[in-house]
Amino acid sequence: ETFPEGLQQTIVTICECQPLVINDLVTSLLPSLSSMYSTQRVVPAVTFSELINQRCCGDLQLVELLINSLLSKLVDPSHLVRQFCIRGLGNVASVGGQKLQTYSTTILSAMMAGMDDKEDPGMTITLEAMSGLSKILALLEESAVRQILINICLRIRPCFEKETAAVRAAAIELFGNLSRFGHGASESSFLEQIHTNFVSILLHLNEDNEVSKSCKTALRLLGPRIGSTSINDMFQKHLLDGGHLHYGEFMNDLSRLIITDYEDKVNFYVMGCVTFFKSNWEDIRSNAALFVGFLLGNLKSSQREIVSTAHVCNALVVLLKDPSGKVRSKAAEAMSLLYDY
């Protein structure tokens, strides 16, 4: 497992100490990229990936050759080869300039395909793809991403609910980073994506791992794009990386702001929460029940017609039979907030 990392460090040293041999190194390794043995294909994949990261010591013509070589192996049978091809394409961010602009659409498409890799049990290719997307997108203008922005959002969304915490964290952080494109011609369509993913991010906000930090970061970035000054101010004030968040109080206060500023979205958010009543994680089921309770409990009598309360209450009753005591407790707490319905 340490071989690729050792080889990468070797390439870094060669670039620093013997840059004149890089051309010969690439020439000698190119045939191995088509070898029938996966162990031999891994060597050029790792080498080319790191050479791109090192900008081939300024030889941009060689960089172009390596980019095309890695693109040709994105469907390689070897999981490790595909992983380092994706990493190498993400490393084009280190090259920047005209090469990045020329290949940006192709690379972004490759990254999105990497996120859909069906033979990725450890989710390493998915993580590489999201890491690469973050690096590439950080250097592109809104006009270059406009046509595929929503497609990127749709590819990211399923990763919010993956079993691997690192994947959930990376996906949520990447979605937050997309906020820099949520202006101009993309403003309205990206705002809809925020509404679509809002419930999921809020429910993952109090996970006890790096996912919580990613949710805080994403919500702070998305706040200015959400169209509500009060909600944005709340995110900037309370969602601090090193701060302790009183989740229940935060969600109760947030639900009041949502009702005030986004009354037309309340039913959408409530129904979104109900879909999470069947989540695999007890914390998410608990959070969803509580969020529903706060949203419905804070509605004025005149506003209650906007939500299908019978459907929601039936779903909460089902949660009272959940195997998890924590979920049953939160479902009961949510129902107690509906005492005057």
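Modeller: A polar contact is a pair of N or O atoms within 3.5 Å; within protein, one must be able to donate a hydrogen and the other to accept it, and residues adjacent in sequence count only if both atoms are side-chain atoms. Here, eight residue pairs (both at pLDDT 80 or more) are in polar contact across the interface of domain 2 and domain 3. The model is predicted: local features need pLDDT of at least 70, side-chain atom pairs count only at pLDDT 80 or more, and totals for chains, interfaces and linings use all residues. Residues are numbered from 1 along each chain as its sequence is written, and side-chain values use heavy atoms, with hydrogens and water left out.

Biologist: Which residues form the salt bridge?

Modeller: A salt bridge is a side-chain nitrogen of Lys or Arg within 4 Å of a carboxyl oxygen of Asp or Glu. Lys265 pairs with Glu192, and their closest N and O atoms are 3.4 Å apart. The count between the two domains is one.

Biologist: How is the size of an interface given?

Modeller: It is often given as the accessible area lost when the parts come together. Buried area is that loss (1.4 Å probe), summed over both parts. Domain 2 and domain 3 bury about 1700 Å² between them, 70% of it on carbon and sulfur atoms. His195, Val199 and Leu203 supply 35% of the area that domain 2 buries against domain 3.

Conventions:
Buried area is the accessible area (1.4 Å probe) that two parts lose on being put together, summed over both.
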